[in-house]
Amino acid sequence: MKINGNFSINDKNFADWFNQDFRLTYPQFFPHFISGEGFGVLMENLPNLTGKSEITLNEFCGHMAIIYNETGGTCKPIREMGGPQYMFNTVMPGGGVKYSYNTPPNHKAGDQLMEWGIINTEEQRSLWNGTIYPKHAPEDIKKAALKCDFYRFRGYGFNQLTWRNAYEQCLQPLLPRPMDEYSVEEFEAHINNVKIAAQAFSIISTKMPMPKINTDLVSGNFRPMVCGSGIGLYVTQYCSVMHT
């Protein structure tokens, strides 16, 4: 089976078939509905998403499993949920430990804010270079910090691209200006473009050096796609069930 755009199954468009029939058979794997509108726009951008005019069913299952999981079924480019404090901290709101994005390969916020002239003391730099969010800092500093790496380079798009180095490889080539030159508002407006998000997905899923990913997808080996996205073994289960 070759797929080159939106398609139907049993006289229903894919999103309706998924929501009304398929999803109900496997609720343990598929908690989200698929947005018909979002899926339609996504499939219009299939060449941007995959670098191909048409793909196999196996490729569709591999790509769609990532997108379904990372967008919650919306099939739209989204940002990682949670505010600046969540991205900055190592402790999750309900307990437990997570990565702080205020660590390498991102530049630390204290160093950036000092360079920009937003803060001017070593005490402030130390606070903003840490992994406990300075929630009592003045509001103007917290607003300026939204341009810092820990927040700018949080999860993004159809596969939740994360960290400065990944953005440099997969998103910067698609932008007309260096990423650091954009204001917060300008940056968000540019990257919310579906075409840009699709092309960034294509770069990380097909052009970065992940072993034999296209060959493996075509053959039905979804594991490299899971490793490339970093979201866990359950995506392989998604793929296998969808393909079946």
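# Briefing on a Predicted Single-Chain Model

The chain has 15 helices and six strands; helices (H or I, at least four residues) and strands (E, at least two) are DSSP runs, numbered from the N terminus. This is a predicted model, in which local features need pLDDT of at least 70 and side-chain atom pairs count only at pLDDT 80 or more, while totals for chains, interfaces and linings use all residues. Residues are numbered from 1 along each chain as its sequence is written, and side-chain values use heavy atoms, with hydrogens and water left out.

**Confidence and overall build**

- The average pLDDT of the chain is 87, and 84% of the residues score at least 70; pLDDT is the predictor's confidence in each residue, from 0 to 100.
- Over residues 227–237 the pLDDT falls below 50, and this stretch has 17 contacts in the model beyond near neighbours in sequence. Contact means heavy atoms within 4.5 Å.
- The chain has 244 residues, of which 48% count as buried. Buried means under 20% relative accessible area, exposed over 50%, and partly exposed in between (1.4 Å probe, protein chains only).
- Of the contacts between residues at least 6 apart in sequence, 61% join residues at least 24 apart.

**Nonpolar cores**

- In soluble globular proteins, nonpolar side chains tend to be buried together. A nonpolar core is a set of buried Ala, Val, Leu, Ile, Met, Phe, Trp, Tyr and Cys residues joined through side-chain atoms within 4.5 Å.
- The largest nonpolar core has 42 residues, and those with the most contacts inside it are Ile34, Phe39, Phe60, Tyr156, Leu171 and Phe187.
- Two or more residues of this core come from each of helix 1, helix 2, helix 3, helix 4, helix 10 (164–170), helix 11 (184–191) and helix 12 (194–207).
- Helix 12 gives the most to this core, with seven residues.
- Another core, of 16 residues, lies apart from it and includes Phe88, Ile119, Ile141 and Phe150.
- In helix 2 (residues 36–44), the residues Gly38, Phe39, Gly40, Leu42 and Met43 are buried. Their cover includes strand 1 (2–3), helix 1, helix 3 (46–50) and helix 4 (57–71).

**Aromatic rings and charges**

- The structure holds 26 aromatic pairs. Rings of Phe, Tyr and Trp (its six-membered ring) pair if their centres lie within 6.5 Å; planes under 30 degrees apart count as stacked, over 60 as edge-to-face and the rest as tilted.
- The ring centres of phenylalanine 14 and tryptophan 17 are 5.8 Å apart and their planes stand at 40°, so this pair is tilted.
- Phenylalanine 14 and tryptophan 17 are separated by about one helical turn because they are three residues apart in helix 1 (residues 14–25). Both phenylalanine 14 and tryptophan 17 are buried.
- An α-helix has 3.6 residues a turn, so residues three or four places apart point the same way.
- One aromatic cluster is formed by Phe7, Phe14, Trp17, Phe18, Phe22, Tyr26, Phe29, Phe30, Phe39, Phe60 and Tyr68.
- The charged end of arginine 23 sits over the ring of phenylalanine 33, 4.1 Å from its centre. A charge sits over a ring if NZ of Lys or CZ of Arg is within 6 Å of the ring centre and within 35 degrees of the ring normal.
- The charged end of arginine 154 likewise sits over the ring of tyrosine 151, 3.8 Å from its centre.

**Cysteines**

- A disulfide is a pair of cysteine sulfur atoms within 2.5 Å, and by this rule the count comes to zero disulfides.
- Cysteine 75 is buried, with a relative accessible area of 3%, and cysteine 170 is buried, with a value of 0%.

**Backbone details**

- The peptide bond from proline 104 to proline 105 is cis, with omega near 10°. Proline 105 lies in the loop between helix 5 (84–88) and helix 6 (109–115).
- Asparagine 10 has a positive phi of about 55° although it is not a glycine. Asparagine 10 is placed in the loop between strand 2 (8–9) and strand 3 (12–13), and is exposed, with a relative accessible area of 64%.
- Tryptophan 163, also not a glycine, has a positive phi of about 85°, and is found in the loop between strand 6 (156–157) and helix 10.

**Two individual residues**

- Lysine 142 is in helix 8 (residues 139–144) and is buried, with a relative accessible area of 14%. Not counting residues up to four places away in sequence, lysine 142 touches Trp128, Tyr133, Pro134, Lys135 and Ala137.
- Proline 176 is in the loop between helix 10 and helix 11 and counts as exposed, at 66% relative accessibility. Leaving aside neighbours within four places in sequence, proline 176 is in contact with Tyr182 and His190.
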